[in-house]
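Here is my notebook from an afternoon with this model, friend. I went through it stop by stop and wrote down what I looked up.

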Amino acid sequence: MLRIVLSLCMIIITSSARAEIDIKQVTSPGGINAWVVEEPSIPFVALEIRFRGSASLDLPGKRGATNLMTGLLEEGAGEMSAQEFQTAREALAASYSFRAFDDTLSISAQFLTENKTEALALLRQALVDPRFDQDALDRVRAQVLSGIASDAKNPNDIAGAAFDAAAFGDHPYGSSIDGTVESVTTLTRDDMFDAHRNALTRDRVFVSVVGDTTAEAVGEMLDDLLGALPAEGPPLAEDVAFGLEGGITVIDYDTPQAVALFGHAGLKRDDPDFFAAFVLNQVLGAGGFESRLMTEVREKRGLTYGIRSYLVSKFHAEMVFGSVASANATIAEAIEVTRAEWARMADEGVTQEELTTAKTYLTGEYPLRFDGNAEIAKIMVGMQMIGLPPEYVVNRNDYIEAVTLEDVNRVASELLQPEDLHFVVVGKPEGLESTQ
Amino acid sequence: MKRLLASLAMIFAAHTATAEEVTTYTLDNGMEVVVIEDHRAPVVVHMLWYKVGSADEPVGASGVAHFLEHLLFKATDVLESGEFSATVAINGGNDNAFTSYDYTAYFQRIAADRLELMMQMESNRMNNLRMTPEDIVTERNVVLEERNQRTENNPNALAREQFIAALYQNHRYGVPIIGWKHEMEQLDLDDTQAFYDLYYAPNNAVLVVAGDVEPDDVLALAEKYYGVIPAEDQLPERIRPQEPPQRAERRITYVDPRVSQPFLIRNYLAPERDPGAQEEAAALVYLAELLGGSSFTSDLGQALQFDTQTAIYTNASYSGSSLDTTAFSFAVVPAEGVTLSAAEAAMDQVIADFMESEIDATRMDSIRTQLRASQVYALDDVSGIARRYGAALTQSLTVEDVQAWPDILQAVTPEDIKAVAAKVLNRDQSVTGWVVPSEEEAM
């Protein structure tokens, strides 16, 4: 029996904007849930599907299998070869994108109202009945290997790989989801079927739909689309502690601008202090031109085109992270200023004015995100993945507003640890050497 | 009594869900105003486009258009340095700017009821910037770091820069938008001030406002803030040096040890969309799709990635959005063990075969359907629609041209495509570039 368990018309009101969104939750007879927003004004539908697990489920020795498998979902299904599948998709003018990330396998689809039945039937084949033909496997494998070779010469990727390996070691977060030349070269068709069996399972699927359709229609199609997938997947990855101590790692590479990634341990998404940390990071380095890091490193000193800090709260690890790039002659100064700002924030915290400004921006900007079918679908599926209820869209700004100066400054002193910051620098940085 | 001094030219696109709803006006000082309605969310995108880009720069001052774009976020007579963006942020909005060969554009995305504040600030910095020598020194370092990040650190970008410089023998499109490094290092206050004084004027600007707004309200605000700014009477006609007849193909090998994967590019000069004459450009859109649009179904993809394992990636691309002559481009990344000369020969064979054979009617239908659908999908992104109008209107097209484009695309025939292919795919008007990690790979 189809159940529409909840229909919530929510209005997000802030000092500057008012957004309305009517999220319907629907459960298919087979037990698959979806969040739906009916938006008939444009004759198309945006569909977002997520599977938790993804590349973190790669089996031992099979690093890169989930990523390669995901790339092959568009390369032939059922009776259709890769070219036949794509010819059919193009004739419908539908778009499907399949991407693997550390913990998330993401499928985005858009299709016209006029042929939505056919477009969903074609997508279903790709999801539940992919072929993994040997010629397709070899072709996509060659593309992945080319990408791995390119990453090995790209300063940003070199830095990212070194940082992840040092911070997360043998955990899946410690290596690229693309795999290595060795692992990818040996992957077989059987490995693709295994990866598919493990990564696309009904117990870890999240669905959102926005556009020219109804919650009822979505509820009726979910079992067709996903019902043939296995009910359960293998155990998820374990949590891992951030394992990198404070210091500097220089990786020598002949390029004019040095790239630096930096970070230390962070906090979980469901930590009671998350919102205080979120506001704190807005002031420190997330907030465009106004952040302290941008002001000090770019606006006052002209040392970089861009510097940012991020709260990275993944399913199995947390860090406060950042990136900056500067010419080899000036990267040492950029790092020195970054460290100093980290310390100043830890010691002194933010001012009342900075807090107010950050909160006003964050609460004002939030409703503006809900400005397109595809955007809303992505937001809704992301909320489901981290366990947020639909009401979050109306409560979220209250969580921001509730953050006090005391909270932020307590969290600043607890979370930000300038001594713990580790910088991985790729280039020929002048006046900078690796610490022991 | 309030009287509207604008000359009104209202064009309502059909009120269906398959076309955007657009109203246009021209203010008395010559400024064009385009309003695009989308009432789904309480958001507005306010964009001010200047009809000046890097291809309009004085000789020797490459990068000044983009450098000035950065400086517009500094102080004016009433705004402190950085106050513009800070004010946008405290109102819950985002702002930025971008520079291209043909235009420089500034935009904010914010709650619809903050539109007036945006106009107030944006109109203020059209004429009242107060650049200081200190701004010049600091921000010049920022744009040099931007060039480091985008170009100097990226061998493929350095290669592209060489290829484009060779494609244009006379036109300024051969000079990179961000500027040549040695000229960027010399840019000073006189360069930026002169460029600003001449080109930043209402009669050289297009205002695009898109989102949850009423056209009449936008017009009233535009009159109040932009309508009072006098037109620039020294504004020069937009005449740029054009390409002479090109008589010999050019070949370049770019060697950089930071390259991991050898590849080749072929750029041909190609006509752009022109006012009232977009047919050739429309046919070139199909040509790019047929030859190298999808790696699964295009001629290059089928021949080099499926029938043979010559390449791991192939592509043909074309965009008609340009004020002057643009480019039609091919890219091939050869498979392991395939030389660049073998890959290039295979690519040229595909082009030759295309010229000899009939165009498949099913492929034509499929491309037509996809182009029609792309108009529907585009309606979901009002910022994208705003960018489309802004770019077109600063590249000499009219609103009518923009709105005629979908139908012109639908009307393209196989004969049109063959005719434009024969004209454009002429090696005398092309540059072939190889990108390799070492001389030994250049074979």
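My helices (H or I, at least four residues) and strands (E, at least two) are DSSP runs, numbered from the N terminus. This is a predicted model, in which local features need pLDDT of at least 70, side-chain atom pairs count only at pLDDT 80 or more, and totals for chains, interfaces and linings use all residues. Residues are numbered from 1 along each chain as its sequence is written, while chains are lettered from A and ligands numbered from 1 in the order in which they are written.

**Entry: a loop in chain A**

I started at A:Phe132, which lies in the loop between helix H3 (116-128) and H4 of chain A. Its phi is near 50°, a positive value in a residue other than glycine. Is A:Phe132 buried or exposed? I call a residue buried if 20 or more other C-beta atoms lie within 10 Å of its own, exposed if 12 or fewer, and partly exposed in between, with C-beta atoms placed from the backbone. A:Phe132 has 22 other C-beta atoms within 10 Å, so A:Phe132 is buried.

**Entry: helix H2 of chain A**

Next I checked helix H2 (residues 82-92) of chain A, where A:Ala82, A:Phe85, A:Gln86, A:Arg89, A:Glu90 and A:Leu92 are buried. These residues cover an arc of only 160° around the axis, which puts them on the same side of H2(A). The arc is that of the directions from the helix axis to the C-beta atoms. I jotted a reminder beside this: an α-helix has 3.6 residues a turn, so residues three or four places apart point the same way. Just after H2(A), I found A:Ala93 with a positive phi of about 55°.

**Entry: A:Asp194**

I then looked up A:Asp194, in helix H7 (residues 189-199) of chain A. A:Asp194 is buried, with 20 other C-beta atoms within 10 Å. From A:Asp194 to A:Ala65 I count 129 residues in sequence, yet 8.8 Å in space, C-alpha to C-alpha.

**Entry: two helix pairs in chain A**

How do helix H10 (residues 292-299) and helix H11 (residues 331-348) of chain A cross? Their axes come within 10 Å and cross at roughly 150°. That makes H10(A) roughly antiparallel to H11(A). For the angles, axes are lines fitted to C-alpha atoms, for helices over the stretch in contact, and angles run from 0 to 180 degrees between N-to-C directions. Angles under 35 degrees count as roughly parallel, over 145 as roughly antiparallel, 65 to 115 as roughly perpendicular and the rest as oblique.

On the H10(A) side I listed A:Arg292, A:Leu293, A:Glu296 and A:Val297, which meet A:Ala334, A:Val337, A:Thr338, A:Glu341 and A:Met345 in H11(A). I sorted the residues of this contact into 5 nonpolar, 1 polar and 3 charged. Here Ala, Val, Leu, Ile, Met, Phe, Trp, Tyr, Cys and Pro count as nonpolar, Asp, Glu, Lys and Arg as charged, and the others, Gly among them, as polar. Two residues are in contact if their C-beta atoms, placed from the backbone, lie within 7 Å.

I also followed H12(A) and helix H14 (residues 392-401) of chain A, whose axes come within 10 Å and cross at roughly 175°. H12(A) and H14(A) are therefore roughly antiparallel to each other. In this pair, A:Lys359, A:Leu362 and A:Thr363 of H12(A) meet A:Asn397, A:Ile400 and A:Glu401 of H14(A). The classes come to 2 nonpolar, 2 polar and 2 charged residues.

**Entry: where the chains touch**

How many residues of chain A are in contact with chain B? I noted 56 of them, touching 50 residues of chain B. Among the elements that give two or more residues to the chain A side are H2, helix H4 (134-151), H10 and helix H12 (352-365). By class, that side has 23 nonpolar, 23 polar and 10 charged residues.

**Entry: chain B**

My last stop was B:Glu344, found in helix H11 (residues 340-356) of chain B. B:Glu344 is partly exposed, with 18 other C-beta atoms within 10 Å. Leaving aside neighbours within four places in sequence, B:Glu344 is in contact with B:Leu264 and B:Thr432.
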